[in-house]
Amino acid sequence: MNSRSDHQANRQHDRSYFIGRQPILNRKQEIIGYELLFRAAGDHQAALYNDQAQASASVIASALSDFGLQDILGDKYGFLNITSAMLSSEVLELLPVEQSVLELLENVELDETARLRCTNLKSLGFRIALDDHIYHPDHAAFYNMVDIVKVDTLTTDPAKLPEIAASLRSYPVQLLAERVETVEMFEQCRECGFELFQGYFFERPAIISRKRIDASGIGMLKLLQQLHEDADINAIEEIFREDPGLTFQLLKLVNSVMTGTRDKIKSLRHAIMLLGIIQLRRWMQLSLFAGKDESGLNSPLLEMAAVRGRLMELLVLQESAGQRSTELAESAFLTGILSLLDALYETSMEQIVEGLNLSEDLAVALLRHEGRLGQLLLLAKKLERSEFAAVQELLASLSISLDQLLEAQLDAFSWRSSIATKKPGEQL
């Protein structure tokens, strides 16, 4: 896409899709890529297309020309579902080689024709994955050629996982455990030798000890520079917006030094103003002397929190005719940022809300998904999990069109990606 206007023009074509991004993590629980799921509006039950190959071609063409893979993926890998017909199509060669993982669906017959085509794609630089794969020694030729084998942990007998992993580890492939929903399953798969993981286990920490969210070194340095240059509050606020960990520390700081204040925190700007620039400078000096560590920009929880906040903010701004800022939009951003702190801090959301002195609108949104903010938060959560039927219902109740959601989602992805610093190839 050459410009935002070009993007808007492209989006007028008849191709209404929902976009789903399911994070794929390494053993350190850092995001290395996303499986991209596209569903036509009204088609939420997996693949109900009359012509699945045509649908796949349409999805990839739209991803390239309408959405822009760079906007969706940032610096991460994109895992794209590939059908039998799509495997032989020249459309694949339009994809960015350095960022695409071609995921052969489980119904692709692993015959000699498929092997030769995969070998050709590998020679072009593509990475190949086998989706929902069931190990069989007859597929040795593929195991010696593909990069990743995905195993569905929900349909596999847990007692057989060590044997399956051991068989596959004898080949030069990475093992990816799919649908990992608990920390216990993550640990079991990791012990078996799986290197990549897909699922939402990271939202349900089982560790009892309390974690500490360290602000990123990048955010700290930016903030130090802005304070040194006496930047205005807009520039200072933007630094906090880019770093959920730093934002949380700010809110805790405000509540620590403003004990007894009657003001409830409504937004980032409000928190900064309550604290004041002098106190902010003092905090920075203390933090730097304390030697803050740089936290990973690839944390799945921080990534989701940042995208949630930006998506919710953009949806509110659309309602306000694109005004630069509104109080509700700022509250929407803060709601999204805070919505995963219970997982990050391994405590209840009730304790989080009580400890941060939040306004009633933010509190009921975070605790019970009530009010406009609460419903927007629920929409963001359902979209993350690719629960497109629920997304459609929420769009109707919120009077938000699919086009509005798609535009806000792409803008949120692009905004978050602009913060990233690593390049594809450094992580997989």
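I count a contact when heavy atoms lie within 4.5 Å. The model I am reading is predicted.

**Entry: Glu313**

I looked up Glu313 and found it in helix 14, residues 300–319. Is Glu313 buried or exposed? Its relative accessible area is 6%, under the 20% cut-off, so I noted Glu313 as buried. Next I listed its partners, leaving aside neighbours within four places in sequence. Glu313 is in contact with Arg241, Ala329, Ala332 and Phe333.

**Entry: helix 15**

I noted its range as residues 327–338. What span should its twelve residues have? At 1.5 Å a residue, the helix should span 16 Å. I looked up its end C-alpha atoms, and they are 17 Å apart, which agrees.

Then I checked how covered helix 15 is. Ten of its twelve residues are buried, so I wrote it down as mostly covered, with buried meaning under 20% relative accessible area. The buried ones include Ala329, Ala332 and Phe333.

**Entry: helix 19 against helix 20**

I turned to a helix pair. Two packed helices are described by the angle between their axes and the distance between the axes. For helix 19 and helix 20, I noted an angle of about 155 degrees and axes 9 Å apart. Angles over 145 degrees count as roughly antiparallel, and therefore so does this pair. The crossing of the two helices is left-handed.

Which residues make the contact? From helix 19 I listed Arg372, Gln375, Leu376, Leu378, Leu379, Lys382 and Leu383. From helix 20 I listed Phe388, Ala390, Val391, Leu394, Leu395, Ser397 and Leu398. I sorted the residues of this contact into ten nonpolar, two polar and two charged.

**Entry: two loop residues with positive phi**

Last, I looked at the loops beside these helices. His369 sits in the loop between helix 18 (360–368) and helix 19 (371–384). Its phi is near 55 degrees, a positive value in a residue other than glycine. How accessible is His369? Its relative accessible area is 22%, so I call His369 partly exposed.

Ser399 sits in the loop between helix 20 (388–398) and helix 21 (402–417). Ser399 is not a glycine, yet its phi is positive, about 55 degrees. Is Ser399 buried or exposed? With a relative accessible area of 65%, over the 50% cut-off, Ser399 is exposed.

Notes: Residues numbered from 1 in each chain as written. Predicted model: local features only at pLDDT ≥ 70, side-chain atom pairs only at ≥ 80, totals over all residues. Heavy atoms only, no water. Helix = DSSP H or I, 4+ residues; strand = E, 2+ residues; numbered from the N terminus. Expected span 1.5 Å × (residues − 1). Buried < 20%, exposed > 50% of the residue type's maximum accessible area, 1.4 Å probe, protein only. Axes fitted to C-alpha atoms, helices over the stretch in contact; angles between N-to-C directions. Parallel < 35°, antiparallel > 145°, perpendicular 65-115°, else oblique. Left-handed = near helix turned anticlockwise from the far one by under 90°. Nonpolar A, V, L, I, M, F, W, Y, C, P; charged D, E, K, R; others polar.
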